[in-house]
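Please open the model in a viewer and keep the selection panel at hand. The tour below moves from one selection to the next and says what is found at each stop.

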Amino acid sequence: MFNPFFKNYGPISILEIIKILNIKVDKLNSNQEITDIKDLYTANTSDITFFHSKKYKEIAKDTKASFCITTETLKDDLPKNCKPLIVENVLVSVSNLTSKFYPESINDDFDETVISISETEFKDKVKFGKNVLIGDNVSLGSNCYIGHNSIIEKNVNIGNNCSIGSNTIIRNTIIKKNVRILDGCVIGKHGFGFFPVKNKNLRYPHIGIVIIEDNCEIGCGATIDRGSMSNTIIGKNTYLDNQIHIAHNVKIGENSIIAGQVGIAGSSVIGNNVKIGGQAGISGHLKIGNNVEIGGGSGVIKSIPDNTKVMGYPAKNIKEFLRENK
Amino acid sequence: MFNPFFKNYGPISILEIIKILNIKVDKLNSNQEITDIKDLYTANTSDITFFHSKKYKEIAKDTKASFCITTETLKDDLPKNCKPLIVENVLVSVSNLTSKFYPESINDDFDETVISISETEFKDKVKFGKNVLIGDNVSLGSNCYIGHNSIIEKNVNIGNNCSIGSNTIIRNTIIKKNVRILDGCVIGKHGFGFFPVKNKNLRYPHIGIVIIEDNCEIGCGATIDRGSMSNTIIGKNTYLDNQIHIAHNVKIGENSIIAGQVGIAGSSVIGNNVKIGGQAGISGHLKIGNNVEIGGGSGVIKSIPDNTKVMGYPAKNIKEFLRENK
Amino acid sequence: MFNPFFKNYGPISILEIIKILNIKVDKLNSNQEITDIKDLYTANTSDITFFHSKKYKEIAKDTKASFCITTETLKDDLPKNCKPLIVENVLVSVSNLTSKFYPESINDDFDETVISISETEFKDKVKFGKNVLIGDNVSLGSNCYIGHNSIIEKNVNIGNNCSIGSNTIIRNTIIKKNVRILDGCVIGKHGFGFFPVKNKNLRYPHIGIVIIEDNCEIGCGATIDRGSMSNTIIGKNTYLDNQIHIAHNVKIGENSIIAGQVGIAGSSVIGNNVKIGGQAGISGHLKIGNNVEIGGGSGVIKSIPDNTKVMGYPAKNIKEFLRENK
């Protein structure tokens, strides 16, 4: 995962990790330094990984990680090079440990680092409105516009020829070239991710960012959450209408068109040249193929193959929907 | 109804009330002073109440109020101690009279009392961003954060360890401990309540407030309206995702989880441990039991008993929904 | 179309227009000056018009325009007085030419003309909050309120007795008398209108405005886009709840009531005394008659005649819907 923003405070020694996880482990050969926490596929020998569902059995078999947070029932699918660390709840443990590697990813309070844009190097470079604030670690391209009361919080890169509207708030986001973001958007905040715990839910860290590719347009009042363990991505030349909600880890392809008030739940992947009508909703963890058309108001609860037109709730082939509803 | 915010300008004498209602009443023994206007159940002998629908017949029989705004056809269900005041439209009359007891509840223009937080006692107590405004009758707990451009308008109590995002506006609201409210929310404005009148609708007063209990999280862009004759309540440890609309008088229980773009219409009551999927809508005046799960995109138009999973539009048992839509 | 805001930079000579359209035309009698670009019905002899679909054949026959942007297959339906200009894509060409007549209609970057209201003539005329900004060509009636951080951008007329909330942004809009617009709205930005082009969509100009008639109320977080070739209109005494999206060219009649989170897609026309329940969606280019009631959550994909109650997705007669879903 490409993430230039959240500083990795590792390495953390494996003995320290075991302490953080509050478990007991025997037969530990050495106090190895662990560099990072990564998924089964991308982890390297210096990393720790996690394995929480049978779904990932095939990938688990080939992981290169030296350690893996997992359960008693899953541990036997790990290769010999990877020592299982048995915990009660894998994802809660992963969340705890991730917070240690990336402590800055768990704070989504307002950004205290911001200063007025007129006190920054950008004051002669971009056109800006009244009361514009700029946080730490921000870069702005040439020929950009930033509207009144907008807040470019910490960890934002904006490319050339971009126009940000008024009353918009952005953090932890990379915006490429020729992008327009209209008024009243909130981009890059943590997603709706937590472990339900009675009386006090446990939030998990969001170490992903938002990436908005060239030539996109984001309508008024959009909320685009940053990813948890991967990035939220809006592909090149994709246009979003007003009041759209894009949840964490969503990836949208290129040249797609998404009408007003659409919501896309966490981790769904949308293809290229996709058209989504107004108020449609897409459940989490789905794959919507290329050239798919989803009728307005649809509720999509299954993945959709390429080149398909669907409509309805639950969404089905549009011809079938229209025939049944003549 | 607990409401520390709207000042009661009573008592108002019964003769004055009769004038306000523009009716004629004979056989009035004395010019009693009336303390307040309350519902049939909570009204006391010094109060006036109202009775506008047969539904409340059983409660009407036992009201302790000395006077009741009602109609010719309903009046006979009132007890002897309660004198009926016959009007054409009960709710319009109640609205008129309530405005006299609580004149401050009908003004939702911007709050002219606000001043910069740096001119208040809070400037050394909480962490705050640029351009934060504080209205009359505000209290803030310790260890709180208030983001840029946010406006804590009049009549707001915020407990300890709360984090308010940027561009958020709050009035007439009690926020308990450890609550996070993200960016761009509007909380405590009047609800969508009025009597349709040709060419000039008649707004009714909203004398309720919003109460957000401990450990809640409210996502970006939420709108939570205050109650009209009762309070709008978000129970302990309930989490709301982005772009959610909660209408007046809604009560949500504890430990509930409500995903993005959900809307809950006026006066519905949601139980504890309820899960509501994205974009679901719940009609007004319904009762959703404890441990209910409502699938994303559902349209709920009937009350739902405890421990039930529903989905669809209209929402039905989820197994039935999935079977019918295989 | 009534539009006092976007300056017409015409006339443009027909030879210049032919150059702009990048086409070849023979037998041109003279280099006529063209005053404006208008639809087939309203165009006059000094105007150019366009004809892109057989649907408009009957109107095309009687157009008074001297020139018409059209296609080889449609041109024969034009009258003799109207010379066809054959292009590949009529709407793209119209868009190009409209941008030349109305260059100011294509820029929706933040308004650089604004200044603090306290530097304007309005400072003694209206009540205003902190950080209120006023753009060029704004007029404000008496007894108005404008809330904190709100931006009345260029080209806005507001009548008497209006109340604008906080954090609201308005441009290119006429607001008549006694209108209340609550917090966090964005009104008058361009609609979601463009020609999809691989890698770089082509936006078309929005030369329409928004008109909000007397006694309306617009809830928190509304987005109301201005029209493209006509105006977006909210009729007298129509009330909109929170988080509503009204797309370009929509016209809503008088005394209508629209509940939370409703979306109305482009160019639909809604009658008088219409009631629309929460989260309902109305597709584009439909006609919803007078006295229509649309149940909450409905998805309307066909026009609806007067005096009809509908519900469902797709919306059908409400009795049928309820019978089928008992």
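Two strands are said to pair if DSSP finds at least two bridges between them. Helices (H or I, at least four residues) and strands (E, at least two) are themselves DSSP runs, numbered from the N terminus. This is a predicted model, in which local features need pLDDT of at least 70, side-chain atom pairs count only at pLDDT 80 or more, and totals for chains, interfaces and linings use all residues. Residues are numbered from 1 along each chain as its sequence is written, and chains are lettered from A and ligands numbered from 1 in the order in which they are written.

**First stop: strand β4 of chain A**

Select residues 67–70 of chain A, which form β4(A). On one side β4(A) runs parallel to β3(A), and three bridges join the two; here A:Phe50 has A:Ile69 as its bridge partner. β4(A) also pairs in the parallel sense with strand β5 (residues 83–86) of chain A, over four bridges. In that pairing, A:Cys68 has A:Pro84 in β5(A) as its bridge partner.

Are the faces of β4(A) covered or uncovered? Both are covered: A:Phe67 and A:Ile69 on one side, and A:Cys68 and A:Thr70 on the other, are all buried. A residue counts as buried if 20 or more other C-beta atoms lie within 10 Å of its own, exposed if 12 or fewer, and partly exposed in between, with C-beta atoms placed from the backbone.

**Second stop: helix α3 of chain A**

Next select residues 90–101 of chain A, the 12 residues of helix α3. From first C-alpha to last, α3(A) reaches 17 Å, close to the 16 Å expected at 1.5 Å a residue; the expected span is 1.5 Å times one less than the number of residues. Its buried residues are A:Ser93, A:Val94, A:Ser95, A:Leu97, A:Thr98 and A:Phe101. They pack against several elements of chain A, including α1 (14–21), β3 (48–50) and β4 (67–70).

Nine residues of domain 1 are in contact with eight of domain 2, contact being counted when C-beta atoms, placed from the backbone, lie within 7 Å.

**Fourth stop: the chains together**

Now display chains A and B. Between them, 32 residues of chain A are in contact with 36 residues of chain B.

**Last stop: C:Ser166**

Finally, centre on C:Ser166, in the loop between β14 (163–164) and β15 (169–170) of chain C. This serine, C:Ser166, is buried because 28 other C-beta atoms lie within 10 Å. Leaving aside neighbours within four places in sequence, its contacts include B:Phe110, B:Ile151 and B:Ile169, as well as C:His148 and C:Asp183.

Notes: Contact = placed C-beta atoms within 7 Å.
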